[in-house]
Each structure stands twice: as C-alpha cells, then as structure tokens.
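Please look through the sequence and the model shown below, and keep both in view while reading the report that follows.

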Amino acid sequence: MATSIVSSKGQVVIPVEVRSDMQVEQGSRVEFVKTGDGWLLKPATQSVTRLKGMIAKPKKPLSIEDMNRAVARYHKSAA
C-alpha cells in the first residue's frame, strides 16, 4: 500500500508507483470521486489520441462553430 502525508497547505504527494500506474505526470488533472467506500482518485485528463474518430473526416474545411456543434452532438449521444 502506498501512503503519503498531508502538508499544512492540504497538499499530498502522490507516490511515484501510483503516478506511474495512473499515467499521471506533472500538470495532469485528477478527479476526486466519492464512492460508497470513501474517495477515489482518478485521472481527469486523457490523451488526445482518444479523440481520434470522434468526428468524421470533413468534406470541406470546418469552422470552429461547426466543430463545437459536432462535439456537442457527440456528448449528447454518449450520455
């Protein structure tokens, strides 16, 4: 089991073995999720490669507004 100490500022160092397993590095965001057993720490950022295939290849250049609408449609369908 990995452990850490809370500093006077409420900061905790995530042990290297945990960071490695979670693929969390400097600048990464993490989420704290309350569960029935306590709190779960999980990465909040994902690799940009996970976005591949989210939007079909356009037949013409897209505007930012077009891209925002496509992302919004994806999130609605994934919910």
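L62 lies in the loop between strand 2 and helix 2, where helices (H or I, at least four residues) and strands (E, at least two) are DSSP runs, numbered from the N terminus. The model is a predicted one, in which local features need pLDDT of at least 70 and side-chain atom pairs count only at pLDDT 80 or more, while totals for chains, interfaces and linings use all residues. Residues are numbered from 1 along each chain as its sequence is written, and side-chain values use heavy atoms, with hydrogens and water left out.

L62 is partly exposed, with a relative accessible area of 36%; here buried means under 20% relative accessible area, exposed over 50%, and partly exposed in between, with a 1.4 Å probe and protein chains only. Between L62 and K52 there are 10 residues of separation in sequence and 16 Å in space, taken from C-alpha to C-alpha.

L62 also belongs to the lining of the second largest pocket, together with M54, I55, A56, P58, D66, R69, A70, R73 and Y74. The term pocket is used on a 1 Å grid over the protein atoms alone: a cavity is a set of points where a 1.4 Å probe fits but cannot get out, whereas a pocket is an open set with protein on both sides within 12 Å along at least five of seven lines, and lining residues have an atom within 4 Å of a point. The volume of this pocket is about 150 Å³, a volume being the space filled by probe spheres set on the points, with grid points joined across faces, edges and corners. Its lining divides into 7 nonpolar, no polar and 3 charged residues, where Ala, Val, Leu, Ile, Met, Phe, Trp, Tyr, Cys and Pro count as nonpolar, Asp, Glu, Lys and Arg as charged, and the others, Gly among them, as polar.

A salt bridge is a side-chain nitrogen of Lys or Arg within 4 Å of a carboxyl oxygen of Asp or Glu, and a search of the whole structure finds 1 of them. Side chains of opposite charge can pair when their charged atoms come close. Both D66 and R69 lie in helix 2 (residues 64-78), 3 residues apart, which is about one turn of the helix. D66 is partly exposed, at 23% relative accessible area, and R69 is likewise partly exposed, at 45%.

The largest pocket holds about 190 Å³ of space, and its lining has 10 nonpolar, 2 polar and no charged residues. Among the lining residues are A2, T3, V13, I14, P15 and F32.

P15 is found in the segment before helix 1, and P15 is in contact with A2 and T3 when its neighbours within four places in sequence are left aside; contact means heavy atoms within 4.5 Å. R19 lies in helix 1 itself, and under the same exclusion of neighbours within four places R19 is in contact with V13, I14 and V24. The table sets out a C-alpha separation for each of these two residues.

| Residue pair | Apart in sequence | C-alpha separation |
|---|---|---|
| P15 and G27 | 12 residues | 15 Å |
| R19 and S47 | 28 residues | 15 Å |

P15 is partly exposed, with a relative accessible area of 21%, and R19 is partly exposed as well, with 30%.

**From the loop to the hairpin**

Q23 is found in the loop between helix 1 (16-22) and strand 1, and has a positive phi of about 55 degrees although it is not a glycine. Most residues other than glycine have a negative phi, and most peptide bonds are trans. Q23 is exposed, with a relative accessible area of 72%.

How many bridges join strand 1 (residues 30-35) to strand 2 (residues 38-43)? There are 6 bridges, and the two strands run antiparallel; two strands pair if DSSP finds at least two bridges between them. They form a hairpin with 2 residues between them. Across the pair, E31 stands opposite K42, and T35 stands opposite G38.

W39 is found in strand 2 and is exposed, with a relative accessible area of 60%. Leaving aside its neighbours within four places in sequence, W39 is in contact with F32, V33 and K34.
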